[in-house]
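Open the model in your viewer and keep the selection panel at hand. Each stop below tells you what to select and what is there.

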Amino acid sequence: MTPKLTAYIEGVGLIGPGFNGWASGRQILAGQQPYQSAKTVIPTPELLPAAERRRASDIVKLTLATSLEAIAEASLQGENLPSVFSFSNGDGLNCHTICEMLATDDREISPTRFHNSVHNAAAGYWSIATKTMATSSVLCAFDASFGAGLLDALTQVTVDGTRCILMASDTPYPEPMFSKRPIPDNCGIALLLAPQKSEQSEKSITQIQVSFTHEEAFKFSDTALETLRLAIPAARGLPLLQLIAKAQAGSVVLDYLDDLRLLVEVKPC
Amino acid sequence: MKPLLLSHFTVTSCIGIGLQQTLDALLHARQGLKPCDFETVDLPTFIGEVDDLDDVQMRDGMAEYDCRNNRLAQLGLEQDGFNNAVNAAVAKYGHDRIGVFLGTSTSGILETELAFRHRDKLTGALPEDFIYSKTQNTYSVADFTRHYFKLAGPAVVVSSACSSSAKVFSVARRMIEAGLIDAAIVGGVDTLCLTTLYGFNSLGLLSTQACRPYDVARDGISIGEAAAFALLERPSATMDDSAVLLLGIGESSDAYHMSSPHPEGLGAKIAMQQALQSASLAPTDIDYINLHGTATPSNDAAEAKAVSAIFTQPIPCSSSKGATGHTLGAAGAVEAVICALALQHSFIPGGLNTKKVDAELKLDYQLQNTNQPLKLVMSNSFGFGGTNCSLIFGLAETTGDAK
C-alpha cells in the first residue's frame, strides 16, 4: 500500500482567467459568486529590484504574485522557505522569439533572452526577490505538472519536516507554437505547506492527506471551470482549491500521470 | 540522510559510450572535445558531441519521441545492461513502485529550432509531424523513459539548468524515504542545440578552444552532450564493499543574479556544508572533490572561494569538463558516475586541457591521474539562476553497511 502524505496548508495564492487572487477567488470557488472567465491580469512585481523587474516576463510576475499572496496569508516574513516550482513549459513568448531568431541567419540572441529561457528562470528571480537561499526544486511533468509539484512539495514537508511553498504556473505560447500547445492564458496556483498544525489557530487552514489512486479525476460541473481545468495544467489544482474554499471536510481526485492520480483528503483546521 | 545504493549506473558522452569506454578515456586522460561542426552552427568554439546519434532508431512504439535528446536517452539506457537492471527491478518491486526523475536543461528544443525553419509559407504553421509534447517539452525525456520501461509510478523532470541532474538525486531520496517508491531511475540527458550554443555565445562564455577549468588563462566553457543514469535503491544486505552509496545531499539558492554566481560562492558554500551535514561527515573525511569547474573566469573563482572556505586542509580536486565539455543539465549525473568510477577503480581523475593552474584560486587542482584508494568523494553542480547542489558518494565498505 502506498502511504498517505500529510501536510497543513497555511496559505493559498491564485491568479488565472477570471481569478484575481485567492481572497476573491475562494468566494467564486465556494459558489458564493458566479465564475466568469476573463483575461488573466498579472500584478506588477514591486518586490523585484528595478533591473530584474524590467527583464521579468509573465511567468516570473505570475509566480511571484501567487507566492506572495500565499506567504502573506500565512503571515510569514523573511522565512527561508524551501520551494517547488512546477511549470508545464517555461516562458512561451521568450521561447518563440529565440526559435524565430535561430531560424534566420542573424542568430544573435540577447543575453537576457537566453537566461530567461532556462526553465528555472522564475525560480531564480523569485529567490532574488524574496532573498531566499533555501533549496528550490524546479519541475516539469507536462499536463501532470501540478500533481508532480504537489507530490515533491509534500515529500519535502513529510520527509524533511520543513515548510515548503509550491508554485505551479503556466503561460501561453504565441502562434505557431500555440497550435501545437494551446494553453489559452496565464494561470498560477501557490500553496504554502507545513508539516505541523500551527499553534496559532488561525494560521493552518486545512489538513491535506495525499495518496495515489486509480479513481477517475474530479470534474467541475460548471462548464467554464471545467474548460479551464483541462486547458491549463496549473488549473488541475483548482478542485483542491475549491474544497479548501468551501471549508468542508471531503476528498477529491486530482489528475496526475496517465491513470495514476492523487487522492487528496481535506480536513479544515 | 539514509544512504541510498546506486545499484547500477551508466554514462554516455563524447569520451565514451558506456562505462568501459568512459573509464578507458579517464584512465588514459583522453578528452572528447573538437572544433564545433554541429548542424549549421558557425561559432569559433569547441563541442563534445556523441557520435552517430543521427543513426539511433527509436524502439518500437516510441517513434513519436524521436528527437536528438531522446535518441541519446535511449542509447544511454541500453549501455552496460542498465535496461536489464531496470527490468529486474520492475520484476522485484512492481512497475508502479519505480520512479523516474531525470534532469535536462533544453530537452528536445533542437526539434523546435529545426521546425521553425520549415514553417508553412502561407500560414506560418509548424510542420504537421512536429510533436511538441514528445520532443520539445521539458518533461519529454522522463515521459520517454517511463514508457520505454512501461512504468506506472511517479515521474518528473528537474530542470534547473546545470544543477538539474544532481538535484534529481534529492527528489528520488524524498520519494523513497516517503515510501512512495522502492527504486528510482535518476539521471540526466542534454543534447547539443542552437539555443545553448548561441545563448552562451551571447554571454561571452564560450571558449574558443577546448575548455580549461581552473587554468590561469581559462576563457569559457565547451558545450557537450551526455546521458547518464543510475538506479537508486535502499542499501541491500547483499551488496559488497565496492558498492557505491549516495551519502549526502546539499542544496541552496544564491538569491544573487540570474547568470553570474555569487562572487564569494555563498550559495555553493551552503550546498557543500549541507551535504556534509546530511552525511554526518567532516570536511577532512572527503578524499576528492569533482568540481563544477566550468572554466569561466567567474564560476571557477566563486567555486574555489567556497571550497577553500569549507575545506581548510588541501584536498585533491578536478573538473571533468575538460574531458566531456559542460553537458549542462546532464552534468550532475555524468559527474556522479565519474565519481562512482573513481571510487571503484581507486583513482583521482586529473583535469584535462588545463596547463597552468590559477594560483589565485588556491586549490589543490590535479592535472594528472593519481592512483589511490578513495572512500568518500563530493561532486558539485551549480547553475544559472543561482541553483546549487552538492552530492557525497562513498564506498559501502566505509559505511559499514556492506555485508
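Which residue is the bridge partner of Leu139(A) in β6(B)? Select Leu139(A) and look across to Val158(B), its bridge partner in β6(B). Here β4(A) and β6(B), residues 155-158, run antiparallel and are joined by two bridges. Strands pair if DSSP finds at least two bridges between them. Helices (H or I, at least four residues) and strands (E, at least two) are DSSP runs, numbered from the N terminus.

Before moving on, note the ground rules. This is a predicted model, in which local features need pLDDT of at least 70, side-chain atom pairs count only at pLDDT 80 or more, and totals for chains, interfaces and linings use all residues. Residues are numbered from 1 along each chain as its sequence is written, while chains are lettered from A and ligands numbered from 1 in the order in which they are written.

**Stop 1: the contact between the chains**

Colour by chain. The contact takes 51 residues from chain A and 52 residues from chain B. Two residues are in contact if their C-beta atoms, placed from the backbone, lie within 7 Å. On the chain A side, select α4 (92-102), α5 (111-117), α6 (121-130), β4 (136-140), α7 (145-160) and α8 (177-180); each supplies at least two residues. α7(A) gives the largest share, seven residues. The predictor gives the complex an ipTM of 0.97 and a pTM of 0.98.

**Stop 2: chain A as a whole**

Chain A has 10 helices and nine strands. Its C-alpha trace spans about 60 × 40 × 40 Å along the principal axes. Buried residues make up 58% of its 269 residues. A residue is buried if 20 or more other C-beta atoms lie within 10 Å of its own, exposed if 12 or fewer, and partly exposed in between, with C-beta atoms placed from the backbone.

Now select Glu175(A) and Pro176(A). A cis peptide bond joins them, with omega about 10 degrees. Pro176(A) is in the loop between β5 (164-170) and α8 of chain A.

**Stop 3: parallel strands in chain B**

Bring chain B back. Its pLDDT (the predictor's confidence in each residue, from 0 to 100) averages 96. Select β11(B), residues 288-291, and β12(B), residues 316-319: they pair in the parallel sense over three bridges. Asn290(B) stands opposite Ser318(B). Follow the chain from β11(B) through α9(B), residues 297-310, to β12(B); this β-α-β crossover is right-handed. That is, with the strands pointing away from the viewer, the path from the first strand over the helix to the second runs clockwise.

Next, select β14(B), residues 364-365, which runs parallel to β12(B) and is joined to it by two bridges. Tyr365(B) in β14(B) is the bridge partner of Cys317(B).

Step on to Gln366(B), in the loop between β14 and β15 (370-371) of chain B. Gln366(B) and Gly350(B) are 5.0 Å apart, C-alpha to C-alpha.

**Stop 4: two positive phi values**

Most residues other than glycine have a negative phi. Select Ala29(B), whose phi is positive, about 50 degrees. Then select Leu328(B), with phi near 55 degrees.

Leu328(B) counts as buried, with 31 C-beta neighbours inside 10 Å.
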